[in-house]
Amino acid sequence: DSVASRGLGDVYKRQVLYSMPFVQSFDSYNSCPVSTNCGGTACSLGGNWKNLTNGSEDDIDWRTNQGVTASSGTGPGSDFGGSGKYLYLEASGNCEFQEAILYSPCVDLGSSVAPELDFAYHMFGPSTGTLTVEVFDGTFWTEVFKKSGNQGNNWMSQNIDLAPYIGDTIIIRVIGVTGGGYQSDIAIDQFSIEDQIGIPIADFNASTTTVSYTHLRAHETLRY
């Protein structure tokens, strides 16, 4: 895709640049209708995340929701944390094989050391389609994640090493495609881009005076 294609040019024109740590849980967003009218529902998002235009740039929108979705046997019962909101695709209402494209705001990795993208996804239902995540570095799109089919009725966590993009300003593109039936709701939540800088820890052994060091991620606990 070119920079101007599929709505990306508009994202860059807004020139909203975020630094790390970048975290979006979607909990502060207004909920969107759960109407089963496919592309008839347009959902405006906050935090400079952008749904593309239904009918011209893609087919349907990622919708903000809390609790269960409109159909049984598909979709999550709550968000990743259990009480907040998430984004999802509503597949009911003859909404088979419909594409939804979501752009993140621009995130600056210029001063990063060990950047990582983390997010949660939920893909439950016998007709579940495909979820793809791509990274744009200002010139090229690179696919960093792709999953298809029923993954069970659980939220799954995914982390992506962003070291190849150190020094870049990036955009995340999330592409969801519903499957061949109404039981194909796909949900996403808890996106973060953070620097996972290692913290040295001392491992003292009573039989030796040697101090060895290992690396922990920033969220782990220092042990002695």
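Two residues are in contact when heavy atoms of theirs lie within 4.5 Å, and in this sense G77 touches G67 and V68 once its neighbours within four places in sequence are set aside. The structure is a predicted model, in which local features need a pLDDT of at least 70 and side-chain atom pairs count only at pLDDT 80 or more, while totals for chains, interfaces and linings use all residues. Residues are numbered from 1 along each chain as its sequence is written, and side-chain values use heavy atoms, with hydrogens and water left out.

**Confidence**

- The pLDDT, which is the predictor's confidence in each residue on a scale from 0 to 100, averages 86 over the protein chain, and 81% of the residues score at least 70.
- Over residues 199-224 the pLDDT stays under 50, and the model has 36 contacts beyond four places in sequence for this stretch.
- Where pLDDT is low, the predicted coordinates should not be read in detail.

**Loops and backbone**

- Strands here are DSSP runs of E with at least two residues, numbered from the N terminus, and P21 sits in the loop between strand 1 (17-18) and strand 2 (22-24).
- The peptide bond that joins M20 and P21 is cis, with omega at about 0°.
- With buried meaning under 20% relative accessible area, exposed over 50% and partly exposed in between (1.4 Å probe, protein chains only), C38 is buried at 12%, whereas N48 is partly exposed at 25%.
- G77 lies in the loop between strand 4 (63-65) and strand 5 (86-88), and its relative accessibility of 47% makes it partly exposed.
- Although G77 and N154 are 77 residues apart in sequence, their C-alpha atoms are 9.4 Å apart in space.

**Charged side chains**

- One salt bridge is found in the whole structure, where the term stands for a side-chain nitrogen of Lys or Arg within 4 Å of a carboxyl oxygen of Asp or Glu.
- The side chains of E134 and R173 meet in a salt bridge at 2.6 Å, N to O.
- Because E134 lies in strand 9 (residues 130-136) and R173 in strand 12 (residues 169-177), the pair ties together parts that are 39 residues apart in sequence.
- Both E134 and R173 are buried.
- R173 also lies over the face of W141, at 3.8 Å from the ring centre, under a rule that asks for NZ of Lys or CZ of Arg within 6 Å of the ring centre and within 35 degrees of the ring normal.

**Aromatic rings**

- Rings of Phe, Tyr and Trp (its six-membered ring) pair if their centres lie within 6.5 Å, and planes under 30 degrees apart count as stacked, over 60 as edge-to-face and the rest as tilted.
- By this rule the count comes to 15 aromatic pairs.
- The rings of Y86 and W155 are edge-to-face, because their centres are 5.9 Å apart and their planes meet at 70°.
- Y86 lies in strand 5 and W155 in the loop between strand 10 (141-148) and strand 11 (156-161), so this pair ties together parts that are 69 residues apart in sequence.
- Both Y86 and W155 are buried.
- F119 and F191 form a stacked pair, with 5.1 Å from centre to centre and 10° between the planes.
- This pair links distant parts of the chain, with F119 in strand 8 (residues 115-123) and F191 in strand 13 (residues 186-195), 72 residues apart.

Note on methods
Helices (H or I, at least four residues) and strands (E, at least two) are DSSP runs, numbered from the N terminus.
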